[in-house]
Amino acid sequence: MTGNKRRAVDFIEVLLLSKDENGEGLSNEEIKAQADTFMFAGHDTTASAISWVLYNLAMHQEYQDRCRSEINALLEGRDTEELMWEDLSNLTFTTMCIKESMRLHPPVLALTRYYSQDMNVPGGRTLPEGDICLISVYGTHHNPDVWPNPEVYDPMRFDLDNQKQRSPYAFVPFSAGPRNCIGQNFAMAEIRVVLALTLRRFRVLPGSRSPSRLYMLTMRAEGGLPLTLEPVSPAQS
């Protein structure tokens, strides 16, 4: 077995063999909870992010061309198309395009937090201990006071100089604070690799219809997200 099936089996084996300091293994409910997290947090969210960034670049060919040029320049003269870990930090504009897509179409739409103590908030109000607060990631990413023209796809929002002017909590696709997404670095690496190798080989064009956002646990497109791929060679970009 190879690929996703092999990784899934490896993961299940780890769950079945895991034991705490007393030698106790996980209960069936705990195994189920971990497997649910693995499938949802490690698959659906990344798939959503990849789908929407391909769509946004299909709709903005000038940004797609710039990404492709950056990718081809990085791989120029190599005998292989394999990307190394250190290559990912050099995909500066490509990463900006990914982040802007995740702002416009965040994979996870909302987060919740349980208050373990009373919390004072602006306006002279207090959120009492025991309450659960829902935080809208989508609302935060579309707040016009933070993001002017929030429905416009503009990767330059994530230029380093522009980022310095914003709160670190303005962009939270992976949540924030001590309980942020433990897999965010791996997810961003995965998205960059998939996007880089796709754009190196194909031009992505919009499909025959405009998608409608489907607001579920993850951001989806109602009826799917049709795109057209045209093969390209590095010399054509």
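Guide: S48 lies in helix α2. This is a predicted model, in which local features need pLDDT of at least 70, side-chain atom pairs count only at pLDDT 80 or more, and totals for chains, interfaces and linings use all residues.

Visitor: What makes a stretch a helix or a strand?
Guide: Both are DSSP runs, numbered from the N terminus: a helix is H or I over at least four residues, a strand is E over at least two. The chain comes to seven helices and eight strands.

Visitor: Why is S48 called buried?
Guide: Buried means under 20% relative accessible area, exposed means over 50%, and partly exposed is in between (1.4 Å probe, protein chains only). S48 has 6%, so it counts as buried.

Visitor: Which residues does S48 touch?
Guide: Contact means heavy atoms within 4.5 Å. Leaving out residues up to four places away in sequence, S48 touches P107 and M219.

Visitor: T45 is in helix α2 too. Why is T45 called buried?
Guide: Helix α2 covers residues 28–59, and T45 lies in it. The relative accessible area of T45 is 13%, so it is buried. T45 and A187 are 142 residues apart in sequence, yet 8.8 Å apart in space, C-alpha to C-alpha.

Visitor: How much of the chain is buried?
Guide: Of its 237 residues, 33% count as buried. As for contacts between residues at least 6 apart in sequence, 65% join residues at least 24 apart.

Visitor: Where is Y115, and why is it called buried?
Guide: Y115 is in the loop between β1 (110–114) and β2 (119–121). With a relative accessible area of 17%, Y115 falls in the buried class because that value is under the cut-off.

Visitor: Which residues does Y115 contact?
Guide: Setting aside neighbours within four places in sequence, they are L127, P128, E129, G130, D131 and C133. Y115 and L127 are twelve residues apart in sequence and 7.8 Å apart in space, C-alpha to C-alpha.

Visitor: What makes a space a pocket or a cavity?
Guide: Picture a 1 Å grid over the protein atoms alone. A cavity is a set of points where a 1.4 Å probe fits but cannot get out. A pocket is an open set with protein on both sides within 12 Å along at least five of seven lines. Lining residues have an atom within 4 Å of a point. Points are joined across faces, edges and corners, and a volume is the space filled by probe spheres set on them.

Visitor: Which residues lie nearest the centre of the second largest pocket?
Guide: R113, Y115, I135, S175 and A176, out of 17 lining residues. The elements giving two or more residues to this lining are β1 and β4 (132–136). β1 gives the most, with three. The volume of this pocket is about 580 Å³.

Visitor: What classes of residue line this second largest pocket?
Guide: Ten are nonpolar, five polar and two charged. Ala, Val, Leu, Ile, Met, Phe, Trp, Tyr, Cys and Pro count as nonpolar; Asp, Glu, Lys and Arg as charged; the others, Gly among them, as polar.

Visitor: How many cavities of 30 Å³ or more are there?
Guide: The count is one. The largest cavity has a volume of about 30 Å³. Its lining is Y55, P206, G207, R209, P211, L225, P226 and L227. By class, that lining has six nonpolar, one polar and one charged.

Visitor: Is N149 buried or exposed?
Guide: Its relative accessible area is 58%, so N149 is exposed. N149 is in the loop between α5 (137–141) and α6. N149 has a positive phi of about 50° and is not a glycine.

Visitor: Why is C181 called partly exposed?
Guide: C181 has 28% relative accessibility, so it counts as partly exposed. C181 lies in the loop between α6 (160–163) and α7 (184–201).

Visitor: Which UniProt annotation covers C181?
Guide: The unreviewed UniProt entry gives "binding site". UniProt positions follow the numbering used here, feature names are shortened, and annotations may be inferred rather than shown by experiment.

Notes. Residues numbered from 1 in each chain as written. Heavy atoms only, no water.
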